[in-house]
Amino acid sequence: MLFLLFIAACLSIAVYDIKYRRIPNLIILFIIALRVLYLIAEFDSIVFIDSLIGLIFASITFMIPKILHLRIGWGDVKYSSALGLCLG
């Protein structure tokens, strides 16, 4: 069930980004909240550490092009961070 909500949120972000060239913060917060609720419910330290490593790696990977002023926005950085948290 959570996987379907995650896919629906990702698809809505893709459609909205293509149409308006923006990524809504509310949907990113929804994705993060889903993952945090899942982590709280499962409470597995290995999964928690994997999620944090994914968050940090995705944030750094997408922040470097933003700092170098390449064609990437903060919405892309936030979205990749949320995906890194979810996918570990």
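Mentor: Let's start with a term: a residue is buried under 20% relative accessible area, exposed over 50%, and partly exposed in between (1.4 Å probe, protein chains only). This is a predicted model, where local features need pLDDT of at least 70 and side-chain atom pairs count only at pLDDT 80 or more, while totals for chains, interfaces and linings use all residues. Residues are numbered from 1 along each chain as its sequence is written, and side-chain values use heavy atoms, leaving out hydrogens and water.

Helices here are DSSP runs (H or I, at least four residues), numbered from the N terminus. There is one aromatic pair in the structure. Its partners are Tyr-16 and Tyr-20: the ring centres are 4.7 Å apart and the planes meet at 45°, so the pair is tilted. (Rings of Phe, Tyr and Trp, the last by its six-membered ring, pair with centres within 6.5 Å; planes under 30 degrees apart are stacked, over 60 edge-to-face, the rest tilted.)

Now for the part I'd zoom in on: Ser-51, in helix α3 (residues 45–67). At 1% relative accessibility, Ser-51 counts as buried. What surrounds Ser-51, leaving aside its neighbours within four places in sequence? Ser-51 is in contact with Arg-35, Leu-39, Gly-84, Leu-85 and Gly-88, where contact means heavy atoms within 4.5 Å. A polar atom of the Ser-51 side chain also lies 3.3 Å from the backbone oxygen of Leu-85.

α2 and α3 pack at about 155°, with axes 9 Å apart; axes are lines fitted to C-alpha atoms over the stretch in contact, and angles run from 0 to 180 degrees between N-to-C directions. That makes α2 and α3 roughly antiparallel (over 145 degrees; under 35 is roughly parallel, 65 to 115 roughly perpendicular, the rest oblique). Arg-35, Leu-39 and Glu-42 of α2 touch Val-47, Phe-48 and Ser-51 of α3.

Helix α2 (residues 25–42) also packs with helix α4 (residues 74–87), at about 15° and with axes 9 Å apart, so α2 and α4 are roughly parallel. Among the residues meeting there are Arg-35 in α2 and Leu-85 in α4, and both of these are contacts of Ser-51 as well.

Key
Helices (H or I, at least four residues) and strands (E, at least two) are DSSP runs, numbered from the N terminus. A polar contact is a pair of N or O atoms within 3.5 Å; within protein, one must be able to donate a hydrogen and the other to accept it, and residues adjacent in sequence count only if both atoms are side-chain atoms.
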